[in-house]
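Please keep the sequence and the coordinates in view while reading.

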Amino acid sequence: MSGVLVSMISHYHLKKNVIHSDNKHYSVWLSCNDKPVAAFKLDDPIRQESLELVEQCQQQGIQVTMLTGDNSVHAETVAKQLHINEVVANQSPQRKLNYLAVCHRQMWC
């Protein structure tokens, strides 16, 4: 495929590079010369142990928050399956650390 740029890109990359797509439900897009030509939805199944742990925490009065780097659409879908009401999505590793530091200060200060 001489002269053709083939890329696997995320929805974030589509938005960032002004490639128009209204569908946020796909995880990865295949593009040729910066034009999306195929989409792939990648999902990890929810493990039963995860649901059980969340339910055990909630039964003990522990508020469970999902803190993730995933986009908000995907995070909300997973949170719903796990019965988690509070979601903080689109977080970089540094923003996750900052969030946890604030939580820690609020609990112990």
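How many salt bridges does the structure hold? It holds 1, where a salt bridge is a side-chain nitrogen of Lys or Arg within 4 Å of a carboxyl oxygen of Asp or Glu. This is a predicted model, in which local features need pLDDT of at least 70 and side-chain atom pairs count only at pLDDT 80 or more, while totals for chains, interfaces and linings use all residues. Residues are numbered from 1 along each chain as its sequence is written, and side-chain values use heavy atoms, with hydrogens and water left out.

The salt bridge joins glutamate 49 to arginine 47, with the closest N and O atoms 2.9 Å apart. Side chains of opposite charge can pair when their charged atoms come close. Glutamate 49 counts as partly exposed because its relative accessibility is 45%, and arginine 47 counts as exposed because its value is 53%. Here buried means under 20% relative accessible area, exposed over 50%, and partly exposed in between (1.4 Å probe, protein chains only).

Attention now turns to helix α3, residues 72-82. Helices (H or I, at least four residues) and strands (E, at least two) are DSSP runs, numbered from the N terminus. At the start of α3, a side-chain oxygen of asparagine 71 comes to within 3.0 Å of the backbone nitrogen of valine 73. After the helix comes histidine 83, whose phi is positive, near 60°. Within α3, the residues Ala75, Val78, Ala79 and Leu82 are buried. Viewed down the helix axis, these buried residues fall within an arc of 100°, and therefore they line one face of α3; the arc is that of the directions from the axis to the C-beta atoms. They pack against α2 (48-59), β4 (65-67) and β5 (86-88), contact meaning heavy atoms within 4.5 Å.

The largest nonpolar core has 12 residues, among them Leu51, Val54, Cys57, Met66 and Ile84. Such a core is a set of buried Ala, Val, Leu, Ile, Met, Phe, Trp, Tyr and Cys residues joined through side-chain atoms within 4.5 Å. Two or more residues of this core come from each of α2 and α3, and α3 gives the most, with 4 residues. In soluble globular proteins, nonpolar side chains tend to be buried together. Not counting residues up to four places away in sequence, cysteine 57 touches Ile62 and Val64.

Threonine 68 lies in the loop between β4 and α3. With a relative accessible area of 11%, threonine 68 is buried. Its contacts, leaving aside residues up to four places away in sequence, include Ala75, Val88, Ala89 and Lys96.

Note on methods:
Polar contact = N/O pair within 3.5 Å; in protein donor to acceptor, adjacent residues only side chain to side chain.
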